[in-house]
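Biologist: Can you take me through the charged side chains in this one? Start wherever you like.

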Amino acid sequence: MRVLAHVLLVLVLFILLWFLLLRCRHDAPGWEKLLGWRYAHRGWHMKPAVPENSLAAFRRALDKGWGAELDVHLLKDGTLAVFHDSDLQRCAGEEGDIEDLDREGLRRLRLEGTEEPVPLFDEVLTLFEGK
């Protein structure tokens with residue numbers, strides 16, 4: 001009986017969480033500032049030539065006058081890198097996690113079989129500065 005009660009409680013909490021996640025927040029303060037703007041998800045990538053979260057993808061978004069959504073990871077030496085997954089396999093074809101690298105280890109990686117390096121967060125910020 002106790003197990004059934006726990007299962008039901010977990011199920012109710014899961015359903016409640018599901019409905020909260022589906023709830024739209026269009027009435028949140030500041031929401032109107034985003035209306036009318038376009039954002040490129042992980043930059044305006046075009047696989048296989050222009051990989052996601054690359055400087056080339058962010059330049060393409062800027063050329064269109066768009067903003068960009070990106071992903072940032074903290075490396076073991078405190079450097080911030082722009083990369084989607086923690087696991088390096090899908091985006092860089094390497095074994096391991098990005099958080100285990102330092103700046104030097106990051107610099108040897110290439111994105112999705114191209115010559116594009118994994119950008120540092122500072123490089124992306126510089127690219128968007130004043131735009």
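**Charged pairs**

Modeller: This is a predicted model. In it, the side chains of R90 and E52 form a salt bridge, at 2.8 Å from N to O.

Biologist: Which parts does the pair of R90 and E52 tie together?

Modeller: R90 sits in helix α3 and E52 in the loop between β1 and α2, so the pair links parts that are 38 residues apart in sequence.

Biologist: Is E52 buried or exposed?

Modeller: E52 counts as buried because its relative accessibility is 3%, and under 20% is the cut-off for that. R90 has 43%, so R90 counts as partly exposed.

Biologist: What does K47 pair with?

Modeller: The K47 side chain meets that of E112 in a salt bridge of 3.6 Å, N to O. K47 is in the loop between β1 and α2 and E112 in the loop between α4 and α5 (121-128), so this pair connects parts 65 residues apart in sequence.

Biologist: And D71, what is its partner?

Modeller: R42, in a salt bridge of 3.8 Å from N to O. Both D71 and R42 are buried.

Biologist: How many salt bridges does the structure hold?

Modeller: Eight.

Biologist: New topic, the surface. Which residues form a negative patch there?

Modeller: D87, E95, D97 and D100 form a negative surface patch.

Biologist: Where is D100 found?

Modeller: D100 is in the loop between α3 (89-92) and α4 (103-107).

How values were computed. Residues are numbered from 1 along each chain as its sequence is written. This is a predicted model: local features need pLDDT of at least 70, side-chain atom pairs count only at pLDDT 80 or more; totals for chains, interfaces and linings use all residues. Side-chain values use heavy atoms; hydrogens and water are left out. Patches are made of residues with over 30% relative accessible area and no salt bridge: like charges are joined within 9 Å, nonpolar side chains (Val, Leu, Ile, Met, Phe, Trp, Tyr) within 5 Å. Accessible areas come from the Shrake-Rupley method with a 1.4 Å probe; for residues, only the protein chains shown count as cover. A salt bridge is a side-chain nitrogen of Lys or Arg within 4 Å of a carboxyl oxygen of Asp or Glu. Lys and Arg count as positive and Asp and Glu as negative; His and the chain ends are not counted. The place of a charge is taken as NZ of Lys, CZ of Arg, CG of Asp or CD of Glu. Helices (H or I, at least four residues) and strands (E, at least two) are DSSP runs, numbered from the N terminus. Buried means under 20% relative accessible area, exposed over 50%, partly exposed in between (1.4 Å probe, protein chains only).
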